[in-house]
Amino acid sequence: MAVCVAVIGKDNAPKYVSCLNPNMELDFHYKVHNALDVVEEKMSANGKASGDIRELYLGLLNSTDDHKIFGYVTNTKIKFVIVTESANTSLRDNEVRMMFRRLHSVYADVVCNPFYNPSEPISSKAFNETVRNMMAGNL
Amino acid sequence: MNYEESKAVITYTGEGWNANAKSLLEAVGADSFEWRRPLGRGPKHVRVEAALFAAAEAPSNRPMIHTFWSACTDVDTWRSSEKDRVERWIRSIAAGVEWLVVLAAPKVADKARTELKQSERCISSRDPALLRRVRQMLLTAISNEEQRLGQEVRRERERRNEQGWSFGEYLALQEQLAALLGTLKGAEDEALVQYDELDALFTQFVRNASLIEPPPWLNSFSAPLKEWRGLGIDSNARFAIVNSDASLLQLRVYLFTRQLNLLLKMNQPQQSQKRISSQIAERCLPLLQICSNELRILEVDFPEGAASCWAVQVSLQVLHVCRKYPDQVHSLPAATLCDYACQKLFQLGELLGLMPGGQGPSSAQIDAALWLGAGLGPEPPFGGEQLKEALGSPAAFQKLYLELAELALGTFKHLGRSRSARQLGHQLANFHQLRGDPHLAAAYLSDALTAVEGWPTLEIHILSQLAECLTGEKLAMARARLAASLTLELEVRKQHWHQLLQILKTLDDDGCVMPLEEVFDLVSVTPISGHRQQAYVNINSRLPEAVLVNPSLSVQTSLPQVSRKESNPRGRRLRGNFSACLSSEPIKIQPGLNEFILNAQGDLHTGHLSQLSLIMNDKMDFVSAEARLGIIEVKKGETTISVESGQLLARMPQKFQLRFTAGTDGIEEGTEVTIKAPRGLSLGDGGRQIVIELPKTEQGQDTVVTLEAIATPPSAKSTDIEYGLTLTSSLWDQAYPVSVHFTVPVAASVKLHTAMKTKFLQVVVSSTCRQRLMLSDPTLELSLGTCTPLPISSKPLTLDPDRPLSYIWQLEIEGPIRAKFNVNLTKDEVNGAYNCEFELAECATMIFVNSKVAAASGAEVCRANAMCHLHLTVEASEAIGYSLMYELLADQSMWAVCGRTAGVLNLDQPSHNLVLEVMPLTSGFLPHPQVRLSKYIPANAGSTHPKLEPFGPGQVYNKSKSLQVHVLPAIQSS
């Protein structure tokens with residue numbers, strides 16, 4: 001399942017990054033940061049395409065020998081990035097979409113909290129819990 | 001199998017075959033035409049090339065058509081011998097194979113068509129349709145073969161999970177189909193599909209191998225790698241694949257080379273060049289990643305570095321191919337591939353000791369490099385010799401690495417992939433640093449640092465590397481930022497801090513200027529204006545240890561250019577103009593929140609607080625961005641006065657305070673202040689002017705003076721009166737005005753009451769000041785006549801704000817008079833007096849009115865809806881010289897007046913009796929109808945109309961006022 005989950009704000013600064021393996025954190029930060037190039041590219045491509053129903057799921061952004069990086073962007077330009085292991089060949093595209101949808105809904109809950117300031121990093125227990133479940137594979 | 005071997009075949013027989021015929025048939029492939037295909041697939045334009053063979057030499061197992069070339073030119077010969085030969089030839093041809101008879105002369109051809117009953121298959125060699133006919137037949141032959149092979153492929157694929165099925169054999173079969181399609185110029189994509197299918201099928205098998213027991217044929221791919229050749233067709237490899245004896249890389253390379261060749265063939269039309277060449281690079285990266293994964297899944301053994309070596313080799317070859325299309329070297333897929341090759345090369349370099357700055361490769365590393373180079377095979381067919389060379393020498397390796405990295409970097413930048421470019425730059429920086437070029441490394445790292453703005457983890461990581469490459473003030477700034485990075489461990493930050501202190505010692509006297517917010521958060525700046533200008537500064541220090549700084553805060557008297565944008569917020573910050581500033585002694589700033597006060601030095605003008613500067617060790621200047629932090633004002637202060645009092649009541653001695661707040665110069669001992677009061681206000685002992693002396697008062701301190709005053713407002717009309725005091729003194733250039741408010745405490749009103757001829761006066765006193773007062777000794781003075789107070793307690797009475805008090809006097813008066821009411825007020829043991837005057841008009845009783853309602857016509861009681869009589873008696877107390885007008889005013893919902901409602905009485909006799917008719921409309925106790933009397937002045941010379949004049953209050957006494965009549969309900973008529 002996911003080995004890293006990140007939420008990136010409108011200004012492209014991270015609001016939340018969590019990794020399964022804390023030793024790899026720096027590496028994943030670089031990977032997620034790098035994938036923003038593709039997110040931007042896809043967003044501007046989506047923007048040009050006509051049709052008002054926007055697909056939020058951006059699909060595969062990047063892949064390396066070890067990891068696959070998927071992206072999702074909300075209407076408010078909040079980006080979600082999920083990194084999975086390339087070795088995990090049984091993971092379907094639909095499952096990745098499900099994870100993103102799940103993440104989006106928990107994120108919406110976080111934002112609805114009147115005590116949460118949207119410019120701050122996310123530090124919600126419920127959000128953490130969901131992300132931990134995703135990384136444990138209990139979608 | 002190559003495509004030459006799978007070309008369609010045309011066989012020829014007969015004497016008519018000659019060089020002309022040969023050249024004719026060779027033109028078959030010169031033109032394309034439409035190929036309609038079954039199974040709903042769209043038509044395609046293809047060209048067919050065929051190989052010519054004499055009938056006896058023709059290879060079998062190939063799509064084929066047979067031709068017979070007759071030399072016979074006249075009809076007789078045809079009939080006698082040639083026809084038999086042709087018929088024999090036709091019979092020798094197997095069923096389902098296409099054939100064609102070509103005749104030398106058109107008339108013989110006509111004859112043959114009718115006699116052989118094969119109009120389509122007999123044609124004159126001079127017929128222009130000949131070529132078309134041949135092409136069509138070839139295509140039919142190929143289509144038939146394609147369908148046959150296609151079915152076979154599908155059948156085999158269905159069997160893929162059965163025992164004994166082998167991928168190698170299946171590959172050989174599907175390759176036949178691919179080769180057949182490859183003979184059709186314009187159908188290469190169809191051939192490519194076959195290889196893509198093979199590719200996908202194999203990928204799926206390997207993928208499943210991690211989940212289920214793999215089939216036996218897959219085991220051969222798990223064999224340890226002995227060589228890792230790049231792209232290129234190797235007949236041995238194909239043989240090995242078909243016989244399930246190939247390595248994983250051999251198979252992958254074989255499939256990809258085939259795909260690559262087909263893509264290159266498709267690349268003929270100019271317009272699709274772009275698409276296809278970028279497809280080549282695009283296909284390559286997934287291949288490399290899939291292979292890397294598959295090697296892991298199948299647990300293939302190989303010498304360390306072999307997989308990287310292979311990946312670099314393939315990438316180099318593909319990039320070499322892409323280079324043929326100059327604009328495509330800079331496509332995104334090519335750049336991504338280049339980037340990937342860079343990573344792998346970097347790993348190889350580290351493995352083999354080829355990186356710069358080291359000792360050079362050890363002997364074991366040289367051995368390993370030789371071994372890896374040998375595994376690449378003899379000579380790579382697509383170029384890419386550089387790798388072998390690079391493995392042999394560090395210089396060549398570094399050259400190759402830089403070449404690739406710079407190509408990828410340039411392309412990323414060109415395509416707007418700034419983050420990818422900067423990340424690659426980050427790696428290049430590491431490389432340059434190893435090479436001993438910290439300046440170049442620093443340039444790349446600084447660039448990379450801008451890309452990760454907002455990512456604290458990455459910023460710190462890059463910054464720590466950057467610090468290794470810098471010297472002097474830049475290093476000091478980097479160390480300061482690191483020491484202030486809260487994401488780092490405290491111990492690490494302290495290390496950076498101590499290094500910073502060391503560096504500062506080495507800096508020259510110019511020192512360095514650094515943006516304040518990199519290290520401190522400016523929480524707030526609060527200017528305090530006044531005579532002494534000060535500002536509270538509140539900052540948060542992120543440094544790990546306390547630091548002694550010289551603070552100063554610049555004041556801009558002219559408007560600062562706030563809108564000026566800093567082009568590079570991370571860059572050098574300029575120290576603005578600090579000629580006018582607030583500052584203080586050096587202060588110690590502790591980690592965390594700090595508050596300190598800065599004072600003005602020398603004379604200042606009003607201005608904006610602009611920049612905060614904290615200078616540390618005389619070398620490092622932390623300067624905040626120029627902004628408007630607040631306005632500081634200079635005031636030349638005068639002594640000010642404020643009035644302090646509660647509610648002040650008029651007509652009573654009251655005390656209030658004047659608070660003197662000393663201005664900038666303070667107040668001298670014994671300063672005299674003259675206070676003048678306006679008319680109606682007496683100060684102190686009763687005069688309208690007093691002089692007070694003030695004690696010595698420091699600047700900003702207060703002196704309070706208490707004054708006593710009595711306000712005597714001229715009229716009682718307004719309850720709130722403002723008095724303006726005027727103060728004159730040496731403290732002020734002009735008179736200082738102060739206003740004091742007084743409230744009139746009570747208000748009185750009068751009411752006249754009459755009983756026959758006796759008159760009473762009621763004085764109602766109410767509070768207007770919302771305070772409780774004591775009232776005592778009420779007196780009433782009349783201008784004429786006498787008055788007697790009705791006996792009430794002589795004790796003082798309490799007047800509450802919501803409860804008015806009344807005093808009553810019986811009057812013995814004649815004619816209009818004036819009355820003056822006096823009462824003493826006491827509030828909190830302070831005594832005052834209230835008085836007011838009012839006038840009373842003529843009020844002696846002159847006329848008495850009496851009315852009575854009685855049942856009419858002898859009935860005993862009044863009933864509703866029955867006529868009643870109103871008996872009205874009017875008496876004058878003495879003779880009056882005018883007539884009276886009476887009017888009956890009855891409430892129309894209760895009374896109906898039936899006869900007269902008004903009339904004039906001439907009061908020449910003392911009493912008048914009248915009877916008027918009224919009818920009660922409802923039953924119950926009804927109030928009497930009212931009778932209004934007025935003076936009647938008949939019309940005379942003065943006016944054309946008679947005039948009515950009302951009587952004054954108390955002149956008419958109504959004896960039956962507020963009487964009621966008992967009216968019974970109407971009798972129901974039965």
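How much area is buried between chain A and chain B, and what percentage of this area do carbon and sulfur atoms give? In this predicted model, the area buried between the two chains is about 2,200 Å², and carbon and sulfur atoms give 48% of it.

The contact draws on residues of both chains, and its counts are listed below.

| Item | Value |
|---|---|
| Residues from chain A | 23 residues |
| Residues from chain B | 25 residues |
| Salt bridges between chain A and chain B | five salt bridges |
| Polar contacts between chain A and chain B (both residues at pLDDT 80 or more) | 15 residue pairs |

On the side of chain A that touches chain B, two or more residues come from each of the elements α1 (25-48) and β3 (57-63) of chain A. The largest share, eleven residues, is that of α1(A). By class, this side of chain A has nine nonpolar, nine polar and five charged residues. In chain A, the most area is lost to chain B by Tyr30(A), His33(A) and Asp65(A), which together account for 33% of what that side buries. A salt bridge links Asp37(A) to Arg419(B), with the closest N and O atoms 3.3 Å apart.

Within chain A, helix α2 (residues 93-112) and helix α3 (residues 125-136) have axes that come within 9 Å and cross at roughly 170°. Angles over 145 degrees count as roughly antiparallel, so α2(A) and α3(A) are roughly antiparallel to each other. Residues of α2(A) in this contact include Met99(A), Arg102(A) and Leu103(A), while Ala126(A), Phe127(A) and Thr130(A) are among those of α3(A). The contact of α2(A) with α3(A) has nine nonpolar residues, one polar and one charged.

Definitions and conventions: Residues are numbered from 1 along each chain as its sequence is written. Chains are lettered from A and ligands numbered from 1 in the order in which they are written. This is a predicted model: local features need pLDDT of at least 70, side-chain atom pairs count only at pLDDT 80 or more; totals for chains, interfaces and linings use all residues. Side-chain values use heavy atoms; hydrogens and water are left out. Axes are lines fitted to C-alpha atoms, for helices over the stretch in contact, and angles run from 0 to 180 degrees between N-to-C directions. Helices (H or I, at least four residues) and strands (E, at least two) are DSSP runs, numbered from the N terminus. Angles under 35 degrees count as roughly parallel, over 145 as roughly antiparallel, 65 to 115 as roughly perpendicular and the rest as oblique. Contact means heavy atoms within 4.5 Å. Ala, Val, Leu, Ile, Met, Phe, Trp, Tyr, Cys and Pro count as nonpolar, Asp, Glu, Lys and Arg as charged, and the others, Gly among them, as polar. Buried area is the accessible area (1.4 Å probe) that two parts lose on being put together, summed over both. A salt bridge is a side-chain nitrogen of Lys or Arg within 4 Å of a carboxyl oxygen of Asp or Glu. A polar contact is a pair of N or O atoms within 3.5 Å; within protein, one must be able to donate a hydrogen and the other to accept it, and residues adjacent in sequence count only if both atoms are side-chain atoms.
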